[in-house]
Structure formats: structure tokens, C-alpha cells
Amino acid sequence: MNQELTNLINSLSVDNFRELVKGFLKAKYGTQHIRIIDGPYDGGLDLEIFIGDKEIKRNIQITVQKTGIDAKLEEDLVKAQKNAIEYGYLSNLDFYLSQNLSKEKRLQLILRAEIEYQVNLNIIDARILSEESVNYPIIADLVYKSHNYKGPERFNIADKQTKILFDVLTLDHNSIEIKKNFINSYVFSYLFTNPNSTLDQIFTYTNTHLKNTLSKEFLEKEVNNLKGKGFLVTPTDKKKFSLSDEKSAEIETIFEKVENQESEFKFTLIDFFQKYKIECDSNEVVDLLYKLYKENYTIDIDEVKSNNNSFSASIKKTYNDLISYFTRLGVPKDRSEIITKELVQICKDNEFLNKLSSTYLFNDLYSSDKLEKYVNDKNQLVFLDTQILIRLICVLYDSKINFTDIAMQSVKILYSTIRKFKDKVKLISSYDYVGEVAGHLYEAYKLQRFLNLPFITKLGNSKNVFYNTFSELYNSEILPEGMEFIDFIEELLDADLYSLNERDFLKLAEDKISDILEQLNIELIYHPNYPNYLSIKKEYEISLAYQSKSRSYKATENDLRTILYLSSKENHLNPESGHINEPFLITWDSAFYTFRKELVREHKELGYWYIYSPLKLVDRLSVMNFQLNPQSISLNIVALTETNFNYSTRTSSFLDVISSFFNTQNVDELSIIHKLARLKDNSRELDVIPIDDDIKERENEAFTNILVNLKNYYNSYEAKFAFNDVIDIFEMPKNENLIISIFENTLANYKKRSDLGEMFSQFDDLITANKE
């Protein structure tokens, strides 16, 4: 409710209040035939409503009385009861009141009317009219006009015809003729606000918005075609076009809907700024929000036009501009960040900006002749990476839960959208990634050994998705009290995991996970031998090194094989048409984005695939089917601007990493774990290897990175020994002090970013001595 508007309604004269109710009912019933009949012989009616030749027989009373409401209402109820019995009126009374009634008083009067007069009483007071202004902007317009008050202005980010363009386009969902329908929508939208326009005038307006790419001959053909179908008429001059009455009425309905959304959005912002006591120009804020939404679609434009999007850089810049706007107004930076995040999130409840930015997307794609490529009837080939699969399995545990974690919520929305458009999507993943999911689950399984250690807090938090999902569900009391983590894992897989060794656990987990995914119609592939594997592998490893991204040999291999699968055109040929159906890789791992840029630059033939975050795919599927999901855009913007969100698929915390260095169940008997925790705490202030700002993590200590590199090295083919040999020496108490000493020396040199070759050599010596 807008308090300012309510106060203004309270002070309206009787004539102005009657005009307000009359205007409101015209908008509500979609008719101009409403007249005031108030007088001594009105028979208990202040208004008559006709739709066509049919009278809507409702009892309507209007009053601006401030006192004596009960007596006035009683008189009107008597008249309403008589009208219902003798003249066939509805057994109702719509009682319009310019003052405010409490909820308790309203309920008391409604109950009395029902019991004593058998009349359904509907009380519409100033507060309710103020709330209705969201759906019927005419209320605010008439109130402001009555008070000679300008009121909040309409947003100036687009003209009237642009604001309704997306809705007009959705009148025809035929994606096969999307270009033709798009131009027709421009014609309808323009003529709605500019009747009796010539072809030249229509062309000038439309061509300007489409960056001078429109053919006048094509437009003329379409205009004549629309005239032939009766959508356009030339009533006064054969060269001047207008909409037919039917088409005009259809678009009038659309315009009212869009105006309502704009008005609702406007008052939402006003209430938001009042809440935070911020004095600002709402148009400036909307300009920045609109720019943010357009940047969201710039990702799509770059993907379709050049397979070269910047992932989140442009969104992050505009998001920071919005934060800076509030700090320039004197709002502290930390508070500005909270305000900006809330502001973006409240946009999810309104389609206004979403529609405008979709129009921007369509305009740009039409201008580059890529619109048909974006909106088509082909099945979209969607390849899911490990982190998506992990969260998908967690979501399946209970898809009704609203997770607090952005990544979990993103996958939940993705899952819901894919089910909605299941006929338009073909899901794919690989057995490689199933193995990684099983590995992540096994890491979670091993964590349970550490949960009861007295110094568990010194080990920090886990980043294991399965464990964190369990924690959230348990703390939210969704899981039964006393449920153990191992019980949760067994429920996820519907399997008994008690006392399984690593090999048997992974085999069982892979089989169960494969079954779950195949039941979701996700096709799992085995990778063949790719002839260009070795040459591209070298380029990929160099790319990872430049990005300072650590990957195990197996993880690097899995990702590279995914890249080569997506890059192989023969994997995506439509057997019927012979056309390539470019696949989508759904991931948060920015390493894919960076390497694909390099791949396209050096091997253009390998770049015909898209990379989207989960919510960008949701957005694309929604828009290409002419439906909108504002929630997904708002969440995607927040996600991509949070520096801790764009992680790779192998992100781990100290607790996750240290868990992998021990196989024994009796970790409480090993004092080395406590020593490693102290070493971690002591290394917090040390400098670390620089990491791309887009994928920094909350916990990014030097020691954690050293442990990850140690693990990756002994899991690679270049190491003399296996990682199990490292585990053996970590579990021997006699080696504790020597291991701690090696790490202390490494940390001392780590400040200088020296390589870790010396540390690897020392562990080789220790393993050798252990084997002798």
C-alpha cells in the first residue's frame, strides 16, 4: 500500500471520489458505459454499469462520510436487500468509502450484513483502493489529477510501444516464423500509439530500433499481408494505416497489463526507498537496473553471435555501479551492498524490466540475423557438469525445499524449468562426471570421521555439497532428529554403505548415481579416443596454468574430454536435417569460458558450443518459449556478482582436503591432525598464489593450497608414488614431526611463490624410507 496515495484519497471531495470510483470500474470491467445516478430516487444505486447491452446488476454505494458510517451502511443494506428480492439484483453491496476502516471493523460489518440482511458486503475503503492502484494505475492518475499533483512519473527508459512489444510478440508463439512475427509486433505496437501512419513512418521507427537492418520491401509486404488478414485498416487514406478495432482492443488489454506492471514496480520502489529512508531519483535507479538486466542478456547475445561471452564481468561492473550510486548518496558501503542486493531481488516479482530487456535481446539478435538461431524448435542439447549433477541429486531428495544456498536454489529452478520444457531439451552428461560425483560423495562419507573431534572447529567449514545439504536440512528440522550423516547418504543412494572400502563404495555409488540420472532421462556417454586429444591437452594445461587453476590429472582429463565432445560437430548432427544442433555446457567453472575463447581463436572449427550458468539456461529456455522467469534473472545477477560463487568443480576447504589424507576410521587417535590444524591457523596471514578474482573463495589459505597441490601431484602420472603411499605415511605416528617440518619449510618459501618441487622430493624420500 502507498500511504501517500491513501492520504490523498482520504481528502477527496464527493465529486472527485465518485469520478475515481467511476474510472476504477471502467478499467476493471473494460467498459466506457458507466454512469452516476446518485440522487433522492436512485433506489440505492450510485452507479450503473453496462457491458454492451447488458446491465451488471450490482448494488453500488459511494460515500465520503467521516462519521455515521454504520447508520449510512444500514440504510444502503436495506435498499440492497430490496433490490435483490424485487428487481433481480445480486445479493451484494459494493460500499466505496474514501476513509479507512480497521480490519476488525470491516469484518464486523460484513458479518452483520450477511446475518441480518443476507447481503454479501464488499467494503472498498481508501487503503484497498490504494492497493488496487497497482493493478489499475488509473486510480493514482485520477487522485493526483484531483489534487493537481504531478505524482511519480512513468519511467523514461523506453517509449510506450517498446514497453508492450514483448507481450505483443507473445500473441503468436510460432517460433518458425519468428522474424516475421517480430516485425509484425513492431507494426502493431507502433500503430497502437500512432494510428493513421504511413509506411515510411512505420519503417523509420522500426528500422531505427533494429539498427538499420530492416528491408523496406519486406516491411511493405508484411504490412499488406496484415491488412489482408484484417488486422490493419486504412479508413481515411489508403496510404495511412491503423489497427482494426479488434486488434486495437487486443493490444489495449496488453497495454493496460504492462501499465499495471510498471505502476506496481514504481510503487514497490517508492516503498523500498521509504523503508531505507533514501532520497533518490527513481529514474536513475531504474536506468541502472535496466542496464543490469540488459547486461544479463548481453551474455546471450555474445554467446549466439560469437561464442565469446564475458561470463560475469559486465554484470559485475554494472552491479558495482549501482552500489556506488547509493554510496554517493551518503549510504555506507556495507549498507549500500545490502540495499543493492535487496533491490535486485525485489525485481523478481515483476516482469517489467524482464520484458524490456528481452526486447533489447530480440532487437540485437534480429539486427545480426541471429534471432532465428536463438528462438527455434530444435531440441536443445544440454550437457551437465559435475557440480550441477551433485546438486541435482541433492534437490531430488526433496524438490519442495527452498534452499538458502544460491547454487542449490539455482539447480532447483533449472530442474523445474527442464521438466516444464522437457520436449525441448535433451540432457547429456558423461560417466566421467558420474565418477566425480561418486568421488565427492565418498569425500562426504569420509568427513563423518572428523565430526566428533574435540577440535573440529579448528578444521574450519566443509565445502562438500552433500555434507552442507545435510546440515541445512537437519538444522531446518526437515530431517528427523538424531539422523546421522551416513543415514542421509544411504537415503540419497537407497543403498547400504556400512563398512565398504573405497573401491566398493565408489563402484556402488557410480551404479546408483547412473541409475538416478538415467531415470531423469539424462543420457550418459562414454568418451571415445579423440584424435586431437594430445595437442589440445597441452593448450588446455597452459590455459589452466595462466589462470592459476589447480586441477588433478583426472579432473583435467575429464574436462578436456568434455570440451572435445562438445567441439565435435559429428556428435551433434541432426540426422533428419543434416544441421548442427549446437550443445550447451551448463557449468559455473570459469576455466571453461577462458579456454573456449582461446580454442575459438586458434581452432574456429571447435567453437560451436555454448556455455551457460544454470540460470542463464533457465532464462534462455523461458524467453525462447516466450515465457519469462524474473526470479531466475534476479538470482543469476546476484549469483554472478558474488565473488565467492563462480567456483570450479573441485573447490575444497581445509577440512575436505585433510579428510582425504587419511583412510583410517580412528582419526581421533592421530595427533597429527591437530598439529595440521594449528599449522593452518598459523599460515592464515601468509601471501598466496594469486587467483582470478571471479573464483576467489572465502577460505583461501596458503596451507590449503599446498595440500591440494600435494594431493594432485601424487594423483598424477608424473609422480613416482601414488597418493595412497602419502596416506600411509600420514597415518604413521613416527612421521608426524617430519611431515610438519616439511610443511613449515614449504610455507616459509611459499611467500615467495617458489614451486613445490622440493616438497615433492622430500615426500618421495619419506615414502621411500617407509617402504624399506
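This is a predicted model: local features need pLDDT of at least 70, side-chain atom pairs count only at pLDDT 80 or more; totals for chains, interfaces and linings use all residues.
1. **The chain as a whole.** The protein chain has 33 helices and 13 strands. It runs to 772 residues, and 55% of them count as buried. The exposed surface comes to about 35,000 Å², with carbon and sulfur atoms supplying 47% of that area.

2. **How to read the helix pairs.** Two packed helices are described by the angle between their axes and the distance between the axes. I give both for each pair, then the residues that meet.

3. **H1 and H6.** Helix H1 covers residues 3-10 and helix H6 covers residues 138-146; their axes are 10 Å apart and the packing angle is about 55°. An angle of that kind makes H1 oblique to H6. The crossing of this pair is left-handed. On the H1 side, the contact is made by Glu4, Leu5, Leu8 and Ile9, while H6 brings Ala140, Val143 and Tyr144. Sorted by class, the contact of H1 with H6 has six nonpolar residues, no polar ones and one charged.

4. **H23 and H24.** Next, go to helix H23 (residues 533-546) and helix H24 (residues 553-567), whose axes come within 10 Å and cross at roughly 120°. H23 and H24 are therefore oblique to each other. Their crossing is right-handed. From H23, the residues in contact are Tyr533, Ile536, Lys537, Tyr540, Glu541 and Leu544, and they meet Tyr553, Thr556, Glu557, Asp559, Leu560, Arg561, Ile563 and Leu564 in H24. The contact of H23 with H24 divides into eight nonpolar residues, one polar and five charged.

5. **H31 and H33.** Look for Asp725, Val726, Asp728, Ile729 and Phe730 in H31, which meet Phe763, Leu766, Ile767, Asn770 and Lys771 in H33. Here the contact of H31 with H33 has six nonpolar, one polar and three charged residues.

6. **Two residues with positive phi.** Most residues other than glycine have a negative phi, and most peptide bonds are trans. Asparagine 196 is not a glycine, yet its phi is positive, about 55°. You will find asparagine 196 in the loop between helix H8 (178-193) and helix H9 (199-209). Its relative accessible area is 36%, so asparagine 196 counts as partly exposed. Glutamate 477 also has a positive phi, of about 60°, although it is not a glycine. Glutamate 477 sits in the loop between helix H20 (465-475) and helix H21 (485-493). With a relative accessible area of 71%, glutamate 477 is exposed.

7. **Serine 659.** Is serine 659 buried or exposed? Serine 659 is buried, because its relative accessible area is 1% and the cut-off for buried is under 20%. Serine 659 belongs to helix H28 (residues 654-659). Which residues is serine 659 in contact with, leaving aside its neighbours within four places in sequence? They are Glu443, Lys446, Leu447, Arg449 and Phe450.

8. **Lysine 512.** This lysine is in helix H22 (residues 502-519). Lysine 512 is partly exposed, at a relative accessible area of 25%. Not counting residues up to four places away in sequence, lysine 512 touches Leu493, Asp494 and Ala495. For alanine 495, which is 17 residues from lysine 512 along the chain, the C-alpha atoms of the two are separated by 8.1 Å.

9. **Tyrosine 750.** To finish, check helix H32 (residues 736-750), where tyrosine 750 has its place. Tyrosine 750 is buried, with a relative accessible area of 2%. How far apart in space are tyrosine 750 and phenylalanine 703, C-alpha to C-alpha? The answer is 9.1 Å, while in sequence tyrosine 750 and phenylalanine 703 are 47 residues apart.

Methods: Residues are numbered from 1 along each chain as its sequence is written. Side-chain values use heavy atoms; hydrogens and water are left out. Helices (H or I, at least four residues) and strands (E, at least two) are DSSP runs, numbered from the N terminus. Buried means under 20% relative accessible area, exposed over 50%, partly exposed in between (1.4 Å probe, protein chains only). Accessible areas come from the Shrake-Rupley method with a 1.4 Å probe; for residues, only the protein chains shown count as cover. Axes are lines fitted to C-alpha atoms, for helices over the stretch in contact, and angles run from 0 to 180 degrees between N-to-C directions. Angles under 35 degrees count as roughly parallel, over 145 as roughly antiparallel, 65 to 115 as roughly perpendicular and the rest as oblique. A crossing is left-handed if the near helix is turned anticlockwise from the far one by less than a right angle, and right-handed if clockwise. Contact means heavy atoms within 4.5 Å. Ala, Val, Leu, Ile, Met, Phe, Trp, Tyr, Cys and Pro count as nonpolar, Asp, Glu, Lys and Arg as charged, and the others, Gly among them, as polar.
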